[in-house]
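Have a look at the model first, then read on.

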Amino acid sequence: MNSISHKSLLWCCFLVGVWFFSHLFVLHPSFLYISPSTHRLKTFTAMDSEIAQTAIEGPKQFIKDGVAFINRCTKPDRKEFLQITQAVSMGFFIMGVIGFVVKLIHIPINNILVGGA
């Protein structure tokens, strides 16, 4: 994994998705399907091809936005990484203290209510 960066791997995934969707509808608009009403084999019409084109616009825009997001992302420098690490560890510590205090209070109250049964 050292020779291929994560950014280039994501690029490859996006390009494969774009290639798949573009070839699925644009280059092969006449693939066959079985009509649910007649249960016979039919081909797509020009209207169906236009519907497919409009249906493909959403995923294309999603991929375009994803590529722009990946290009905008940067790796944090050492100072930013240390700040994030400190914030996360403080959050873990505070949540652990809260859990410990709740458990510390819960055990005696539970013993009083249950009566040591």
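How far does helix α3 reach from its first C-alpha to its last? Helix α3, residues 78-114, reaches 53 Å with its 37 residues, close to the 54 Å expected at 1.5 Å a residue. (That expected span is 1.5 Å times one less than the number of residues.) Just after α3, glycine 115 takes a positive phi of about 85°.

## Ground rules

This is a predicted model, where local features need pLDDT of at least 70, side-chain atom pairs count only at pLDDT 80 or more, and totals for chains, interfaces and linings use all residues. Residues are numbered from 1 along each chain as its sequence is written, and side-chain values use heavy atoms, with hydrogens and water left out.

## Overall layout

The protein chain has 3 helices and 2 strands, in the order α-β-β-α-α along the sequence. Helices (H or I, at least four residues) and strands (E, at least two) are DSSP runs, numbered from the N terminus.

## Surface and contacts

Of the 117 residues, 9% count as buried, meaning under 20% relative accessible area with a 1.4 Å probe, protein chains only. The accessible surface (Shrake-Rupley method, 1.4 Å probe) comes to about 10000 Å², and 71% of that belongs to carbon and sulfur atoms.

As for contacts (heavy atoms within 4.5 Å), residues 24 or more positions apart account for 47% of those with a separation of 6 or more.

The mean pLDDT (the predictor's confidence in each residue, from 0 to 100) is 76, and 56% of residues reach 70 or more. Confidence is highest in α3, at 94, and lowest in strand β1 (residues 32-34), at a mean of 49. Over residues 26-35 the pLDDT is below 50, and this stretch has 24 contacts in the model beyond near neighbours in sequence.

Notes. Buried means under 20% relative accessible area, exposed over 50%, partly exposed in between (1.4 Å probe, protein chains only).
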